[in-house]
Amino acid sequence: MTFRSIALAAVLVLAGGAAFAQGGKVTVVTSFSKDVTDPLKKAFEKATPGTTLEVQNRNTNAGVKFVEETKANNQVDLFWASAPDAFEVLKAKKLLAPYKPKATGIAEKVGSYPVNDKDGFYVGFAASGYGIMWNERYVKANKLPTPKEWQDLAQAPYFDHVSISAPSRSGTTHLTIETILQGEGWAKGWRTIKEIAGNLRQVTDRSFGVPENVNSGQVGYGIVIDFFAFSSQGAGFPVKFVYPSVTTLVPANIGVIANAPNKAGAEAFIEFLLSPAGQEALLEPTIRRLPVRPETYAKAPADYPNPFKDKNLQGLLTFDAGLSEKRNEAVDVLFDQLVTFQLEPLKAATKSLHELDAALAKKDNAQARALAKEARDLIAAMPITDTEAASPEIRQAFTGGKQKTARQAELEQQWAAFAKEKYTAAKAKADEGLKLAR
Amino acid sequence: MAIAVTPLPTHRSTGAALLALAIGLFLAAFLVVPVATVVYVAFTEKGGGGFTLVNFLDFARTDLFVRSFWNSIYVSAMTVLWSSAFALPLAYLTTRFEFRGAGLVQTLGFLPLIMPPFVGAVAMQLLFGRNGTVNLLLDEYLGFKIGFMEGLNGVIFLQAIHYFPFILVNLSAALRNIDRSMEEAAQNLGSHGLRLFRRIAFPLALPGYVAGASLVFVKVFDDVASPLLLNVKEMLAPQAYLRITSIGIDDPMGYVIAVVLIAIAVVTMWGSAQVLKGKDYATTQRGGGGLARRPLTGRQSVLAYALVLLILALVLAPHVGLLLLSFATVWSFSPLPDGFTLAHYARVLGDSSVYITNTLLYSSLAAAIDVALGGAIAYLVLRTRLPGRSMLDWGAGAALAVPGVVLGIGYLRAFYGVKLPDGTPLAALWIMIVLAIAIRRLPYALRAAYAALQQISVSLEEAAENLGATRSRTVRRIVIPLMTGGLLAGFVTSFATAAVELSAVLMLVQNNSDAPLSYGLYVLMQTPAGRGAGAALGVIAVIIVAVCMGLSQLAAGRSQRARGLDL
């Protein structure tokens, strides 16, 4: 039995032993897919003969953990990913080395976000915008509307058809949530988020889970980053995409790891990404990121979005990165406790409200209308204010500092209980209104 | 543990003690220490270093965790029921009756265990999802849909299909080991049909069933992939996974849950030993001695084939989906793909041969380690009186519950600082991937070896020793040949599941040339254009494993027959 396989294994050991040792190797840990890294790797290796780019593909979280756990004997030169918050974590743990790129002609800002880290620890090389993607067959079969704005997703027809990834699991979703909160203010922003969340079919734990489900027709609409939709179209899936008029542009970044074994090579790769050739490579159909070098757009296809020209990509607010960082964990945990793990009661209340609205549209009733408003306010209620979210007491509950007043687990339990109670009460109000309105 | 079996006297046990020590050291180095470097966080308060149990109190006071705990218990228990319903008929019919194609049924029935990560999920959604093939057809012709993949029941459905082979393999091995004269005696006394199965065959095969069922229970309890694919997060293992792998949320609760998972696994293993305690399952004569397999009458065999085909159709549906997906151009919101193509295979075969070689190498090495360790541990526990021997058993069993990502992080933490002479970190060597996989899959081989040994009567060994054979000669010439069926079952299970292991691998892979197939699959599945190629790679993985299984079964059958035993 096993002898056969042991023999096989022995042969294979002999065959596959020597695969190490080459000069000029640049090792990069990235969350970007092969479609993105392969063309850039080829172009880079061609531009700098004698250098090879070793790509280690890991999702953002695993990548951060990997760099953290291996710091004692670091073998990685670069960290390359979308989510700025991952870079913030690496920076806070002193795992990045500062580097100021020499390239000129790079924009300071794309949309409302600064391209580079203010402390110089990581560099933006491209941007992407958030929007709504949908499956045309699904939408047609269920006779659903075509969305244009975020608010559309909160309307009754979209109930149970929308998908998003959790901000705690996806840095880019986190930025979208944070942008809504900064744009509309804490209270109103959360109201909008929860109104959309009431229509969610699912909250996925991977960013790619959303386009995957839209592509296979398991959900109708997904809140996704643009290149997911474009590359899905490229692969032939019957999907469409729209940027809402207020969209968020998020930078994709790269940073040099502290104590990189091949620092010079790492810096050469960053310079390559920012060079005209590197920026043009971003226009390729499988990559489709927005370059940070404005002149590159002259070479882009006709319908290519241009954040330096297009009105809807200019961004209406100045993004406050400091504020975002202060309440980073609070916002993630709030979303998880109020939406992800309370989706059932939230959806039940939302469903009743949609029914009540429909009944009121047929026959108005002032008392029922008041109940609907009460129910909406209950759903929108927040356990903490924005000042509290950024306060040292709450922040240190997540980091384990001395000023905390409760442990993270205690806060989570309080917030979850708060949400559950409010959603249940909201459903009761809506049901009461529904009786009156009928 | 079969108490009626008298352990052999202890006087010649120096060799056994040394063996136990070596295994203990191995487990300590590659399981206990790496896991401890990660999990100790559960016993400290965040920010402060001191020992505390307050996190466990928080666990009990958090509704979400308590709810997740009961959900996990419910899902695991129900999965055991459903898996048994799938496995019992297949195992009984193919081992105790004249059933043409029994070998094929056994091999096919094993395939569900090899579900490639990610792409298997997509295939399942396309078949059974809300807008999958089945529901689209139901909706069109009958006007309703069935929520196969909704909520906890969806998880049970998926898990039962996925894990029932654990019961099938172990129970079949046990049924084959029963002395046929037992059944004959019962038949002569007028027992037949279900009663014969209930009163004679099943009780004698109980060690195999319990081995399989306990594996299913623990595995489902600790599984992350299936619940998350259905977006069910309110179960314990997904909660641990989400917390441990979210960046920035550096919270002890994830590790607290990991400790709870490990505890549940150990308790389950202990409980399954209790079920078998005080009874003797050993028969002195092996399966070859009795009458040939029983024939089925005409009506019976029609029924039997219908049942077997129905079960196979259900449990192999995901693989059919996978196959379709690998040939599909675009498949979206339609019962069948829009068109078919070979392009995905062309793309995969071009650049994936290194993944395939690595997978074969890693899985066979890991499975060989597992069978050796599992067999040795089972022998030490059941046949010696070494103090603390059951610690080995529980330690190895606990490996089942260690989340893959925890093991991966533990390996990095424990071995990355250790430098080889040329400066490469120890953890960067591919052999570490093999060890991590071996540790993760050890419980499978261990359960199988355990069940096999429980069915061997100790009097055979005593006879050998009375005739002057040394202990090691007895083990070599008597115990190991008699255990071959069980060890083979263990090897096959470890090998096949090792081939699709991802979570620990993802942490440990350092460069593409060392990556196994599951990593290649993961990379492909992150892009829309990689879906078909991922499915093609998944199909290749399944075929490789199936071929290897078939070959090893053939080889084992031949060596068994050469020894005059009938497998």
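Two residues are said to be in contact if their C-beta atoms, placed from the backbone, lie within 7 Å. The structure described here is a predicted model, in which local features need pLDDT of at least 70 and side-chain atom pairs count only at pLDDT 80 or more, while totals for chains, interfaces and linings use all residues. Residues are numbered from 1 along each chain as its sequence is written, and chains are lettered from A and ligands numbered from 1 in the order in which they are written.

The definition of contact applies directly to A:Phe241, which, when its neighbours within four places in sequence are left aside, is in contact with A:Gly131, A:Met133, A:Asp226, A:Ala229 and A:Phe230. A:Phe241 belongs to strand β11 of chain A, residues 239–242, where strands (E, at least two residues) and helices (H or I, at least four) are DSSP runs numbered from the N terminus. A residue is called buried if 20 or more other C-beta atoms lie within 10 Å of its own, exposed if 12 or fewer, and partly exposed in between, the C-beta atoms again being placed from the backbone. A:Phe241 counts as buried because it has 20 C-beta neighbours inside 10 Å. The C-alpha atoms of A:Phe241 and A:Gly222 are separated by 9.4 Å, although the two residues are 19 residues apart along the chain.

Chain A as a whole contains 18 helices and 13 strands. Its radius of gyration, taken over C-alpha atoms, is 24 Å, close to the 22 Å that the globule rule gives for 438 residues, so chain A is as compact as a globular protein of that length; the rule itself is 2.2 Å times the number of residues to the power 0.38. The C-alpha trace of chain A spans about 80 × 60 × 55 Å along its principal axes, and buried residues make up 53% of its 438 residues. Among the contacts in chain A with a separation of 6 or more, 78% are between residues 24 or more positions apart.

Strand β12, residues 249–257 of chain A, is mostly covered, with nine of its nine residues buried. Strand β3 of chain A (residues 78–81) runs antiparallel to β12(A) and is joined to it by four bridges, with A:Ala81 standing opposite A:Asn253. Two bridges join β4(A) to β12(A), again in antiparallel fashion, and here A:Val256 is the bridge partner of A:Ala97. Strand β7 of chain A (residues 123–135) is likewise antiparallel to β12(A), through six bridges, and A:Gly129 stands opposite A:Leu249.

Parallel pairing is found at strand β8 of chain A, residues 162–165, which is joined by four bridges to strand β9 (residues 200–204) and by two bridges to strand β10 (residues 221–225). A:Ile164 has A:Val203 of β9(A) as its bridge partner, whereas A:Val162 stands opposite A:Tyr221 in β10(A). In a regular strand the side chains alternate between the two faces of the sheet. In β8(A), A:Val162 and A:Ile164 point one way and A:Ser163 and A:Ser165 the other way, and all are buried.

In chain B, helix α7 (residues 151–177) has 27 residues and reaches 40 Å from its first C-alpha to its last, close to the 39 Å expected at 1.5 Å a residue, the expected span being 1.5 Å times one less than the number of residues. Of the 27 residues of α7(B), 24 are buried. A kink of about 40° lies at B:Ile161 in α7(B), shortly before the proline B:Pro165, where the bend at a residue is the angle between axes fitted to the seven residues ending there and the seven starting there. A kink of about 50° lies in α14(B) at B:Leu316, shortly before the proline B:Pro318, and the buried residues of α14(B) include B:Val315, B:Pro318 and B:His319.

Positive phi values in residues other than glycine occur at A:Lys94, near 60°, and at B:Phe333, near 50°.

Note on methods. Pairing = 2+ DSSP bridges.
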